[in-house]
Number of protein chains: 2
Amino acid sequence: MGSDITAEEIAKAAKVAFEESQLFPAAVRIDALAKIRQQLEANKAEIFAANKLDMEAAQVEVDAGKMSNAMMKRLDLGKGDKWDSMLKGVQDVADLPDPTGVVSYTSQLDDDLELYRVSCPIGVLLVIFEARPEVVVNIAALAIKSGNAAILKGGKESNHTTHLLAKAISQGLSQTSLPSTYVQAIQTRAEVSALLDLDRYIDLVIPRGGNSLVKAIQNSTRIPVMGHADGLCHVYLDESADSQKAVRVVVDSKTDYPSACNAAETLIVHTSLLNTVWREVAQALLAADVHLLCDSHTLSALASLPNVPERFSSHVHSSTESSYSVEHLDLTISVIALPSLHSAIQFINSHSSHHTDSIITESERAASAFCRGVDSAGTFVNASTRFADGFRYGFGTEVGISTGRIHARGPVGLEGLVTYKYILRSKAERGHTVGEFGVGEGKKSFKHAAIATTSVPF
Amino acid sequence: MGSDITAEEIAKAAKVAFEESQLFPAAVRIDALAKIRQQLEANKAEIFAANKLDMEAAQVEVDAGKMSNAMMKRLDLGKGDKWDSMLKGVQDVADLPDPTGVVSYTSQLDDDLELYRVSCPIGVLLVIFEARPEVVVNIAALAIKSGNAAILKGGKESNHTTHLLAKAISQGLSQTSLPSTYVQAIQTRAEVSALLDLDRYIDLVIPRGGNSLVKAIQNSTRIPVMGHADGLCHVYLDESADSQKAVRVVVDSKTDYPSACNAAETLIVHTSLLNTVWREVAQALLAADVHLLCDSHTLSALASLPNVPERFSSHVHSSTESSYSVEHLDLTISVIALPSLHSAIQFINSHSSHHTDSIITESERAASAFCRGVDSAGTFVNASTRFADGFRYGFGTEVGISTGRIHARGPVGLEGLVTYKYILRSKAERGHTVGEFGVGEGKKSFKHAAIATTSVPF
């Protein structure tokens with residue numbers, strides 16, 4: 001934490017800690033999580049005192065109009081059951097199945113020559129997030145559980161709290177055989193910039209925060225980045241859409257949590273529905289206080305109603321081309337009418353952030369085409385885009401949501417923090433050489449038979 | 001192929017072709033492979049005429065001392081059974097199991113709400129390789145089989161041949177419902193540079209070639225790159241090493257194919273073996289015409305032999321620190337003595353290219369520690385590093401070998417050309433909203449029960 005340690009020293013220490021940790025069994029990491037929880041409890045008073053300092057500084061910013069109340073609330077470790085659920089989260093992560101050591105491919109290449117593909121940690125993670133102090137503990141737990149070393153950087157507004165949380169984590173680690181540099185916290189942007197250059201030591205960057213943070217990081221590093229900048233999700237009302245499903249799913253996708261990345265931002269209406277389902281959906285959205293940015297077709301379908309809907313004049317506006325590239329993140333939705341499933345798929349593929357898109361349809365054929373044709377991490381049928389979430393998917397946790405196609409895609413659980421390696425063992429009396437295999441007299445052929453095991457037997 | 005098409009137009013056409021192709025069943029792609037094979041056969045005479053032009057130009061370069069004979073041989077499509085095995089390769093890839101549509105995770109989130117994680121193509125591949133014309137056909141087959149669009153760039157020395165091979169591929173595609181821009185070939189470096197900037201359209205870059213080619217590409221793009229620059233593999237002779245296994249595995253690892261990336265470059269000898277196993281291994285290596293770059297310990301163990309080995313003066317040299325960072329790619333191996341398994345693991349982790357490293361040991365404990373402690377794509381026990389290969393691993397093909405940890409690691413088969421997406425379907429009468437779930441009266445909990453299926457049922 002001292003400012004006299006360079007970014008390279010931090011990164012190198014993390015890599016060494018990672019490498020050393022590979023020789024310890026998973027039980028050591030579970031024990032570390034218990035010790036960390038104890039240290040957090042033992043240091044609760046000091047941590048809350050530090051959090052009070054952050055909150056006081058934040059209050060000055062809020063009073064000066066430089067910080068939102070929402071951001072200040074996120075800083076508050078004493079809000080509701082945040083502290084208790086943070087501690088419970090450490091235990092919950094400890095209780096999840098071990099993501100490492102899982103065999104996903106086997107092959108007996110020859111008598112006494114066995115190949116295993118087994119999951120293992122990635123290495124050193126650099127995790128960058130906004131000023132939410134409990135995330136330090138949450139991410140540390142995920143990294144330790146999955147066997148990765150981690151370097152953590154939270155928003156500067158939470159620096160006092162983060163510093164003491166990281167100290168408690170180090171103290172917990174120091175009571176185990178794991179190196180105390182297994183999890184390190186850094187406090188300055190300058191350190192982040194320097195770390196983003198160190199692809200020799202850092203294997204994966206995970207930014208958790210707004211669009212601009214993620215984009216800035218993606219643009220300034222060659223290290224793989226796992227995350228998402230945008231969440232521009234669509235709902236498409238197919239020709240055969242049921243109106244009740246349409247109303248329920250569209251309203252939920254838009255209004256359940258409008259600032260979430262999996263909220264819907266654009267609604268596509270099949271032109272055959274303009275005077276039927278679309279009118280019902282529009283009225284339900286207006287009743288839920290949603291503003292509609294409509295193309296000419298969807299707009300005139302509402303304007304020509306015998307009884308103009310309530311809020312029509314205040315909430316219905318004409319869209320522009322750019323309306324369909326905007327992540328509104330509030331109670332606004334862009335609407336466009338399109339003449340076919342095929343044009344809807346093309347529109348989504350060119351406008352979506354490839355996060356999550358949903359079709360409302362009674363046609364199995366349309367559902368199948370939509371799910372295959374839409375090139376997004378999640379393609380849904382008659383279900384809200386808001387289901388795109390690691391907990392809802394049943395992962396027990398969520399490391400983030402990725403809109404990349406490489407490594408992990410969509411909501412990412414602990415599995416996203418592991419890679420795999422191949423272990424090959426010869427038990428033959430003379431070992432194994434490739435010269436023994438081939439065509440010709442005395443040469444052997446590969447057997448390539450599966451081995452029935454779920455773990456490496458040595 | 002025309003020089004008036006911009007790189008952006010090529011990339012965009014590839015993306016559109018990819019998106020359109022998603023709506024076709026896998027059978028269309030299998031059919032395309034058959035049609036491509038027919039077109040190649042139908043155009044054999046023209047293709048060989050073009051290859052003759054490339055060979056003639058190459059002969060001029062060879063005569064002028066500007067090209068190696070080995071490189072010219074690689075250009076020759078008529079060499080041995082290259083043509084026939086290229087055609088057979090198309091069929092072999094067509095016959096492999098479909099890597100797409102495979103369900104790897106399911107969860108019944110609620111009655112009538114089903115989640116499937118299913119493998120699907122990545123998108124647009126940019127594959128860059130040296131002047132081996134048959135690789136165009138090989139890679140096109142792999143891309144088509146896995147459902148990806150591809151842009152291919154071979155070494156300029158094979159341009160005439162590549163052009164006609166690509167033309168035959170396009171003609172084959174045009175006899176199917178797949179767009180003919182599904183596979184495109186480009187011919188200039190300038191186009192490659194421009195394409196490496198187009199991360200909007202290109203999803204994965206696969207360089208197949210030498211260290212400098214791969215490094216140059218990794219340094220000039222933000223698009224994920226799958227491959228390896230170095231292959232610096234180690235063999236470690238553990239304290240308990242059996243001398244016959246040591247001799248056989250070390251000689252095979254070094255001499256079976258010295259210019260391959262999975263050949264051994266450095267031998268680590270436990271100090272307790274200096275006067276025993278090491279001497280036998282050294283004599284076997286010398287007998288196989290291998291040059292030894294030895295540290296002081298391994299050197300004096302040979303110099304102090306009562307009968308100095310044949311070739312000692314010509315083939316045994318002192319190493320320097322930099323000897324252990326060199327990929328020799330010929331009959332030379334660097335040798336160092338280290339006092340423990342732990343120091344060998346540390347040495348490998350700091351010098352290896354994380355490709356493949358092997359231990360020779362009779363100790364199960366040492367084997368286990370080595371396989372977990374060495375942070376490489378392949379960790380082997382009593383087996384040659386040369387086994388690190390997609391065909392030997394049983395994948396039926398090899399897209400490349402990756403030393404990255406993200407997405408694919410080690411030898412990569414067709415699985416490395418797919419990602420996955422989540423498909424969620426509600427069959428409930430009213431569709432599904434997240435508002436139905438939570439705590440409180442009338443709220444539902446998630447069920448998260450596995451669904452017994454290996455494919456998406458619609």
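Predicted model: local features only at pLDDT ≥ 70, side-chain atom pairs only at ≥ 80, totals over all residues.
Residues are numbered from 1 along each chain as its sequence is written, and chains are lettered from A in the order in which they are written. Local features need pLDDT of at least 70, side-chain atom pairs count only at pLDDT 80 or more, and totals for chains, interfaces and linings use all residues, while side-chain values use heavy atoms, with hydrogens and water left out.

Chain A is divided into two parts, domain 1 (7-107 + 118-218) and domain 2 (233-395); such bounds come from an automatic or database domain assignment. The centres of domain 1 and domain 2 of chain A, taken over C-alpha atoms, are separated by 37 Å.

Helices (H or I, at least four residues) and strands (E, at least two) are DSSP runs, numbered from the N terminus, and two strands pair if DSSP finds at least two bridges between them. In chain A, strand β4 (residues 149-153) pairs with β5(A) in the parallel sense over four bridges. Within this pairing, A:Q184 in β5(A) is the bridge partner of A:I151. Together with helix α7 (residues 159-174) of chain A, β4(A) and β5(A) make a right-handed β-α-β unit; right-handed means that, with the strands pointing away from the viewer, the path from the first strand over the helix to the second runs clockwise.

In a regular strand the side chains alternate between the two faces of the sheet. For β5 (residues 183-186) of chain A, both faces are covered: A:V183 and A:A185 on one side, and A:Q184 and A:I186 on the other, are all buried (under 20% relative accessible area, with a 1.4 Å probe and protein chains only).

In chain B, four strands form an open sheet in the order β5-β4-β3-β6, with parallel pairing. Each of β5 (183-186) and β6 (204-208) of chain B has a single partner strand, so one side of each edge strand is left without a neighbour in the sheet. Elsewhere in chain B, strand β9 (residues 291-294) runs parallel to strand β11 (residues 332-338), joined by four bridges, and to strand β10 (residues 316-318), joined by three bridges. B:L293 stands opposite B:S334 in β11(B) and opposite B:H317 in β10(B).

Chain B can be laid on chain A with an RMSD of 0.1 Å by a turn of 180° and a shift of 0.0 Å along the axis, the superposition being by least squares on the C-alpha atoms of residues with pLDDT of at least 70 in both. The two copies are thus related as by a two-fold rotation axis. Of the residues of chain B, B:H407 comes closest to this axis, at 1.8 Å (C-alpha). Of the interface residues of chain B, 100% are also interface residues in chain A, so the copies meet through the same surface; contact here means heavy atoms within 4.5 Å.

Notes. Buried < 20%, exposed > 50% of the residue type's maximum accessible area, 1.4 Å probe, protein only.
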